[in-house]
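Please look at the side chains in the structure below. The text that follows goes through charged pairs, aromatic rings and nonpolar cores in turn.

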Amino acid sequence: MDSPAVEGSSANRQIVRAAGTVMFAFIIGQVFSLVSGILITWKFGTGMEYDAFNAANKFPDILYQLVAAGALASAFVPTFTTLIARGDATRGWKLASAVVNLVTLILLAVGIVSAIFAPWIVRHILAPGFTDPVQFQLTVNLLRIQLISPIIFGISGLLMGIINSYQSFLWPALAPAMYSIGKIIGVLFLAPSMGIYGLAVGVLIGAAMHGLIQVPALLKLPGRKYTFILGLKMQEVREVARLMGPRVLGVAFVQLNFLVNIRIASSQPTGSLSAIQVGFALMLIPEIAIAQSIAIAALPTFSAQVAKGRLEDMRFSLAALLRGVLLLAVPASLGLILLRVPLITLLYQRGSFDTHSTQLVAWALLFYAFGLVGHSLVEIISRAFYALHDTKTPVFVGVIAMSLNVLLSIAFSRMFISIDWMPHGGLALANSLATFLEAFALMF
């Protein structure tokens, strides 16, 4: 039998190859995401309409993160991969069918209820600071349009997990680029006649393209078979539900933090909400390319190592990946901090995006960039816990961190106002500090 170091090195090479594929596709995706952001800000700047869009866009994303992404990241992939690794593909595909069906039904029901109560959601949850009746109604309308997207993303996100479990990464990794292309279509071809509504329709187009691009890879998988079942009596479905429970709680606290940020920013000067969205998106570009690509590639390998009882191999792989992520994330963080103003000026400052918009986004990015390393570490370490079928530990740590994030968001915003700094910077600083503490706690 090979030593843990030899086995771990082989697994590391497999992860590196997969991560290289994912990173390549993610870089393409981030280029299109950047282009879509440039075109959107050129058209709408950081004004009232774009604030309304960002507020409305967040709620469908929360629904997807709570129902589908939570199951995908922490529960479905390890359970499905375990069945495949043990040679029980038939039962694995029954599990996949049941989870897809359950997620679709849940998101459909929640979407219908949310559309009915959209005015209440905007008024009391999303943006109580939108006191202008025109902006309020615009946010309600945009929310109702985009509530279709989490249903599509729910199916598409689970397809990503299925395909990745077979160590196939290219087409799922290209899916985010398709989403950005949909928004580009919306802002270039629909917005001239439909205004900000064209961008909302573009979101739906992008969601559909996000799923369709994965179909060729799905059709190539061996033994694939869809069954119209809910599988409520299947042991594996119950295992997914058991693992998903704590993860949903953790995701809920993360999304609560985003909601708090939107609520606070909606009461701050116009453009604050858009500034934190654009600034956070800029920080995510290197985070996605560096950490998420490695984490997505690592989870199936981690899960297979655990399923075969090779825990030492997994520890060896995890340590090597953390070192590699630090070597990439630290310089990227420093680069964003030092070059934020010329970067934003080069990318965005045109059309409706003026020098004031640049100042708003650069202020947010300054504080978000400090958290890039923390976000990157959390991506990797949390996948190791999920592979061990332990969702409680990262959720427990995440709940504490995000609770602290909410308190810090309120405190830092007030502190920034008291010293005459733009208050939305406090929201970014709170996020970075809480994420750093979460990363250190998980490592400990």
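The structure holds five salt bridges, where a salt bridge is a side-chain nitrogen of Lys or Arg within 4 Å of a carboxyl oxygen of Asp or Glu. This is a predicted model, in which local features need pLDDT of at least 70 and side-chain atom pairs count only at pLDDT 80 or more, while totals for chains, interfaces and linings use all residues. Residues are numbered from 1 along each chain as its sequence is written, and side-chain values use heavy atoms, with hydrogens and water left out.

One of the salt bridges joins Glu236 and Arg91, at 2.8 Å from N to O. This pair links distant parts of the chain, with Glu236 in helix 10 (residues 235-266) and Arg91 in helix 3, 145 residues apart. Helices here are DSSP runs (H or I, at least four residues), as are strands (E, at least two), numbered from the N terminus. Glu236 is buried, with a relative accessible area of 12%, and Arg91 is partly exposed, at 31%. Buried means under 20% relative accessible area, exposed over 50%, and partly exposed in between (1.4 Å probe, protein chains only).

Another salt bridge, between Glu379 and Arg383, has an N to O distance of 2.9 Å. These two residues are four residues apart in helix 14 (residues 372-387), so about one helical turn separates them. Glu379 is buried at 16% relative accessibility, and Arg383 is buried at 13%.

Next come the aromatic rings. Rings of Phe, Tyr and Trp (its six-membered ring) pair if their centres lie within 6.5 Å; planes under 30 degrees apart count as stacked, over 60 as edge-to-face and the rest as tilted. The count comes to 16 aromatic pairs. In one of them, the ring centres of Tyr64 and Phe153 are 5.9 Å apart and the planes are at 45°, so the pair is tilted. Tyr64 lies in helix 2 (residues 48-85) and Phe153 in helix 6 (residues 149-165), 89 residues apart. Phe80 and Trp93 have ring centres 6.0 Å apart and planes at 85°, so this pair is edge-to-face. Phe80 and Trp93 also belong to one aromatic cluster with Phe76 and Tyr166.

A nonpolar core is a set of buried Ala, Val, Leu, Ile, Met, Phe, Trp, Tyr and Cys residues joined through side-chain atoms within 4.5 Å. The largest such core has 120 residues, and Phe76 and Ile162 are among those with the most contacts inside it. Helix 2 gives the most to this core, with 15 residues. A second, separate core of 15 residues includes Val22, Ile181, Ile288 and Ala297.
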